Amino acid sequence: MKKIFFYGLIGLLTSLVNAQELLPFVENFSKSNYYGDNQVWSMTQADDHALYFANNHYLLRYNGVRWEKYVLPNKTILRSVFAHRDKVYTGSYNEFGYWQRKAGKMQYSSLTKDKKLFTGLSINEEIWKIFEFKNKIVFQSFNELYFYQNNKIQKVRAPMQLSYCFVVRDTLFAATIRDGVYTYDNGKFEKKKNWSGLENSVIHSIDVQGGQAFVFTQKNGVFVEQNQRLVPWQNPLNATLKHELIITAKFTDPNRLVIGTAFKGVYIVDMRDGSYLNLNRSNSLKNNSVLSITFDLERDIWLGMDNGISHIEINSPYSIFSDNSGVLGSVYSLAPISGGYLLGSNHGAFKYQNKKVELLPSSQGQVWEVSKADQGYVIGHNDGTFVYQNGTLVKKNHVSGGWKFLKSDYDNKFYQANYSGIVVYDAPLNLAQYKIVRGLTKPIKNLAQNKPGELWAVDNYRSLYRITFSPDFTSEKVENITQANGMDNDYGVKMINFKNEILFYINNVWYHYNSIANQLEKNKIFNENFSGIDEVIPIDQASFIVLKDKLLYKIHQAADRYIWELIPEKYYEGKIINQDSKVFKYDNLLLMNLDDGFISFKTNNAHRPSQKVQIEAFYNGNALSGEVSLKHNQTLEVDVISPYFGYNRLGLFYTLNDAKHYWPVKNGAISLSNLGSGYQLLKVYYNDGEKFVELKQFEFRVDRPWYFSILMILVYILMVSTVFYLYYRWNKIRYIEKLKLKEEELKHQQQILELELIAESNLKMQEYEKNILEMQVQSKASELAGKSLSIAKQSEMIDRIEYVLDSETDINQLKSKIKKAIRVNALNQNEWQSFEKNLLQSHKDFAQKLTQLYPSLTSKDIKLCIYLKMNLSSKEIAPLMNISYRGVELHRYRLRKKLNLSVDENLSRFMINL
């Protein structure tokens, strides 16, 4: 229900609202652009090609890139401005003078200061108009004229109140408020008597066209001089103008008249046939009240409005059709009809005729295509397929989403790509009967054919298909070509038929189909010339449009070269319908759909005049002159200024330091930041269709960063020198300390060495003394052993005597006495104990060691070990131990067992080495 109400409302609105017509491109400027006041009372273009505006409190200057504003020293309101040679004259309240540009700024010089021109009756004069007459600059107020020449000013008081003065055919006409028109010559005003009927009419303009004078009154319309008399202008528009208050009017050339009104904007009249365009707030302007008109170097129109400024490119080959009401919606397709256009949008199918847009009945919804077919038009709609013929729209079938209607040049068939695949028709307008291509049920958006029996189709989302069929269409074969060629990324395939060769743009690569190898192959020529594009829009088999870096280019081939014709961005900026842009050829015009309408331009645009550009550089808003030097890490603003503001203004590009990439210059402004230090070279180019042609160079220098300045470098050198010096001093001190430490270390080492030598000497002395003692001990031991041996011999002798005596039985008494003497001389027990004590004392360490190693040894074993260490034989040991020889051998055997010695080991040597 809501949907029905919505489309019903659209139908109602289209019957009430006058939509936009095909109009010249209009560029509007508001206070947010130039940061000034509302009213623009007067405008002029100076020899520097910049435009100047009298904008209440401000003088505005605009060079196509940058707006500048200036204020009079006395802060009065500017009412008039006029450029003459290198000066820009302005008039205000009790003040007039001129401005000159110096060092990138406008500087004011007063012509009335200290001249007492505004006294007495002239106390309240405002200068409303400035013009040149007979080499004099004339400043006009409502009551007086001020003639300026050679630094002298002549004041002339008018006998009546003036509205405006006009120079026509070298005659100065003074239009009055109530008394008609006067002429002025040599200080005298004379009434133009044959121009009767202008009394009590406010005249806002007098101009000449074709030898005829035209007089434009505020409320009584336009008059034309015929036979030296004025008659009403015989144009139907004149009756309308009487109700709309003419404020200003001028002829741009002999064939075009521009009339500014207070209530209905501006009328642009073609004097050849009397037709006209009315530009106003409802279709292109931002304001309906036009206060002033001027023309630039291209003879395009500039309007000073009651609130803002408008630039009308009346001489541009580009025209715009735009619906400001929002009823039309986004246009997806269009086709010319008698006296107008058929438009297909997301709101439905519309007919534009007689400057009105009308929604066709029952067409609400998305329209994808409007295609001319025989005497009618096929309309691909979201709800089915329609035919528009003889002013009537009829639904022919339910094939919905007709994106492409293709007439075959080979099969005498008509193909339609739609939401569900492809259908085939035998007749263009008899669409009730159709055949569905089998094997393909996906949404097909584009079709192309370059030979019989074969059709190429592009899916709305991904994939490229090749359909082959028999002449009677009884058998078909559908192949997914991108899949067969192993292409994983085949989204958004684009296809064009260029010079009967079908080319495919897949994943940023151009391909053509090799029918012999049955595979896609990269197209070398197109990949070299058209890589990196965002969109390709076919026109016909000889030309197409590409979108690259947000810019549109019309491409055609000349011999073996491709010509790139830039379509200025301002005509379509922000209005392109991505992936659904189409171009329609109509006679010598190309029509391209946009978000809110379409753009029209000629297929062969006139060659633009050669031109020079100027470069101005700004830093922090201040103009730079001479050798430009920029601080590091600062932004430099560069204005590339063209003498033209409209179509003839070239699309420019720039490079920095001969880089390979050409960057587009947007609206004439270049902002350079993050620049390296040193000299920088900026070059400005335009593209002539084949190559980039250099127009201008600009060289500037970027200072080194403060931390690389000469002063800082000196500081760095000083710091590094200081660091090296400190390092040197530190190393020297450290070296000295090391030397001292080394000396102390050497001294300490020497002391240590001396102590070691003393210790070693003492040790040697001790060892020596020890050796002496050991030798003494050994000597004592030897002595003891000798004594022991002597005692042993003595004991042996005594034993032998006892034996002899025992053998003598004869003399008993002698025997008794000899035995008694032997006992007296025998070794007593105390002496033997003393001997054993000395023996053990002399071998104390040896005895302790034996006891530790072999705790099972007895004291008798220890004695035997000592005797063995003394290298005594068993025979020598026997008497010392008071046992027999065999007793010693047996004791040695037992000792060997306790010591766990093998048979091969010498017991005496073991004791000596222990």
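## Basis of the model

The structure is a predicted model, in which local features need pLDDT of at least 70 and side-chain atom pairs count only at pLDDT 80 or more, while totals for chains, interfaces and linings use all residues. Residues are numbered from 1 along each chain as its sequence is written, and side-chain values use heavy atoms, with hydrogens and water left out.

## The largest pocket

Rolling a probe the size of a water molecule over the atoms shows where empty space is left. Here a pocket is an open set of points on a 1 Å grid over the protein atoms alone, where a 1.4 Å probe fits and protein lies on both sides within 12 Å along at least five of seven lines; its lining residues have an atom within 4 Å of a point. The largest pocket holds about 1600 Å³ of space, a volume being the space filled by probe spheres set on the points, which are joined across faces, edges and corners. Its lining is made of 48 residues, and those nearest the centre are Glu369, Lys404, Asn446, Leu447 and Pro538.

Strand β50 gives the most, with six residues. By class, the lining of the largest pocket has 24 nonpolar, 10 polar and 14 charged residues, where Ala, Val, Leu, Ile, Met, Phe, Trp, Tyr, Cys and Pro count as nonpolar, Asp, Glu, Lys and Arg as charged, and the others, Gly among them, as polar.

## The second largest pocket

The second largest pocket has a volume of about 1100 Å³. Of the 37 residues in its lining, Met43, Lys129, Ile130, Lys250 and Ile293 are the closest to its centre. Elements that give two or more residues to this lining include β2 (42–45), β10 (129–133), β22 (246–253) and β26 (290–295), and by class the lining divides into 21 nonpolar, nine polar and seven charged residues.

Strand β26 also contains Thr294, which counts as buried at 8% relative accessibility; buried means under 20% relative accessible area, exposed over 50%, and partly exposed in between, with a 1.4 Å probe and protein chains only. Leaving aside neighbours within four places in sequence, Thr294 is in contact (heavy atoms within 4.5 Å) with Met43, Thr44, Leu51, Lys250, Asp300, Ile301 and Trp302.

## Aromatic pairs

The structure holds 63 aromatic pairs, counted when the ring centres of Phe, Tyr and Trp (its six-membered ring) lie within 6.5 Å, with planes under 30 degrees apart called stacked, over 60 edge-to-face and the rest tilted. The rings of Phe53 and Trp302 have their centres 6.3 Å apart and their planes at 55°, so this pair is tilted. Because Phe53 lies in strand β3 (residues 51–55) and Trp302 in strand β27 (residues 301–305), the pair ties together parts that are 249 residues apart in sequence. Both Phe53 and Trp302 are buried.

Phe173 and Trp195 form a stacked pair, 5.2 Å centre to centre with 10° between the planes. Phe173 belongs to strand β15 (residues 171–176) and Trp195 to the loop between β17 (188–191) and β18, so the pair ties together parts 22 residues apart in sequence. Phe173 is buried at 4% relative accessibility, and Trp195 is buried at 1%. One aromatic cluster is formed by Phe498, Tyr505, Trp510, Phe526, Phe530, Phe544, Tyr553, Tyr562 and Trp564.

Gly304 lies in strand β27 and is buried at 0% relative accessibility. The C-alpha atoms of Gly304 and Phe53 are separated by 8.0 Å, although the two residues are 251 residues apart along the chain. Not counting residues up to four places away in sequence, Gly304 touches Val40, Met43, Ser289, Val290, Leu291 and Ser292.

Ser92 lies in strand β7 (residues 87–92) and is buried at 1% relative accessibility. Leaving aside neighbours within four places in sequence, the contacts of Ser92 are Leu72, Thr76, Ile77, Leu78, Glu125, Glu126 and Ile127.

## Helix α10 and the cysteines

Helix α10 (residues 859–869), a DSSP run of H or I with at least four residues, has eight of its 11 residues buried, so it is largely enclosed by the rest of the structure. Among the buried residues of α10 are Asp861, Lys863, Cys865 and Tyr867, and just after this helix Asn871 takes a positive phi of about 60°.

Cys865 is buried, with a relative accessible area of 0%, and Cys165 is buried at 0% relative accessibility. With a disulfide taken as a pair of cysteine sulfur atoms within 2.5 Å, the count comes to zero disulfides.
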